[in-house]
Amino acid sequence: MSQVHASIPSQPRAKQLRACLLCSIVQTPADFRKHGCPNCEELMQMKGYPDRIQACTTTHFEGAIAVINPEDSWVARWQRTSKYVRGMYAVRVKGRIPEDVEAELENRNIKYRPRDGTEQD
């Protein structure tokens with residue numbers, strides 16, 4: 001199993017947390033700026049770009065799930081995060097990815113499913 005994982009934000013920074021609109025990982029804006037998204041940086045391209053972080057993440061999310069062993073977790077499978085790195089994930093994320101990212105997913109034959117709970121498998 002991969003040792004890549006996201007950092008768990010400290011309590012004082014909890015009000016600043018943002019969730020990725022594509023994978024729902026929760027990080028501080030500084031972590032997104034420094035490292036990008038550990039799951040979908042190739043598509044989202046947030047590393048070092050504050051404007052992109054604003055467009056591709058949101059502060060409007062519900063709940064948090066600590067995923068320690070994504071491959072074996074039934075919760076990670078239920079949340080569609082079992083192939084992602086371990087870390088904190090939002091249960092629901094309000095908002096949609098930017099149009100250019102949605103178009104790139106379509107070009108790669110990947111179906112986009114918003115993480116706000118409106119589209120069920």
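Isoleucine 53 is buried in this predicted model, because its relative accessibility is 2%, which falls under the 20% cut-off for a buried residue. The residue belongs to helix α3. The chain as a whole has 121 residues, and 40% of them count as buried. Its secondary structure comprises 5 helices and 5 strands.

**Isoleucine 53 and its surroundings**

- Leaving aside residues up to four places away in sequence, isoleucine 53 touches Arg18, Pro29, Phe32, Arg33 and Met46.

**Overall architecture**

- Along the sequence, the elements follow the pattern β-β-α-α-α-β-β-α-β-α.
- Among contacts between residues at least 6 apart in sequence, 54% join residues at least 24 apart.
- The accessible surface of the chain amounts to about 7500 Å². Carbon and sulfur atoms account for 49% of that surface.

**The three-stranded sheet**

- Three strands form an open sheet in the order β2-β1-β3, and their pairing is antiparallel.
- Strands β2 (26–27) and β3 (57–58) stand at the edges with a single partner strand each, so one side of each has no neighbour in the sheet.
- Alanine 19 has threonine 58, in β3, as its bridge partner.

**The pairing of β4 and β5**

- Strand β4 (residues 61–67) runs antiparallel to β5, and 6 bridges join the two strands.
- Within this pairing, valine 67 stands opposite glycine 87 of β5.
- Strand β5 is largely enclosed by the rest of the structure, because 5 of its 7 residues are buried.
- Isoleucine 68 lies in the loop between β4 and α4. This residue is exposed, because its relative accessible area of 59% is over the 50% cut-off.
- Isoleucine 68 and methionine 88 are 20 residues apart in sequence, with a C-alpha to C-alpha separation of 8.7 Å.

**The loop between α2 and α3**

- Glutamine 45 is located in the loop between α2 and α3 (50–56). Although glutamine 45 is not a glycine, its phi is positive, at about 50°.
- Most residues other than glycine have a negative phi.
- Glutamine 45 counts as partly exposed, because its relative accessibility is 48%, between the 20% and 50% cut-offs.
- Tyrosine 49 is in the loop between α2 and α3 as well. With a relative accessible area of 54%, tyrosine 49 is exposed.
- Tyrosine 49 and lysine 34 are 15 residues apart along the chain, and their C-alpha atoms are separated by 9.2 Å.

**Arginine 80**

- Arginine 80 lies in the loop between α4 (74–78) and β5 (87–93).
- The phi of arginine 80 is positive, at about 60°, although the residue is not a glycine.
- A relative accessible area of 25% makes arginine 80 partly exposed.
- Arginine 80 is also among the residues that lie nearest the centre of the largest pocket.

**The largest pocket**

- The largest pocket holds about 360 Å³ of space.
- Its lining consists of 18 residues. Leu22, Arg80, Tyr84, Ile110 and Arg115 lie nearest the pocket centre.
- By type, the lining residues divide into 7 nonpolar, 3 polar and 8 charged.
- Helix α2 (residues 41–44) gives the most to the lining, with 3 residues.

Definitions and conventions:
Residues numbered from 1 in each chain as written. Predicted model: local features only at pLDDT ≥ 70, side-chain atom pairs only at ≥ 80, totals over all residues. Heavy atoms only, no water. 1 Å grid on protein atoms, 1.4 Å probe; cavity = no way out; pocket = protein on both sides within 12 Å on 5 of 7 lines; lining within 4 Å. Points joined across faces, edges and corners; volume = space filled by probe spheres on them. Helix = DSSP H or I, 4+ residues; strand = E, 2+ residues; numbered from the N terminus. Nonpolar A, V, L, I, M, F, W, Y, C, P; charged D, E, K, R; others polar. Buried < 20%, exposed > 50% of the residue type's maximum accessible area, 1.4 Å probe, protein only. Pairing = 2+ DSSP bridges. Contact = heavy atoms within 4.5 Å. Areas by Shrake-Rupley, 256 points an atom, 1.4 Å probe, with all protein chains shown as cover.
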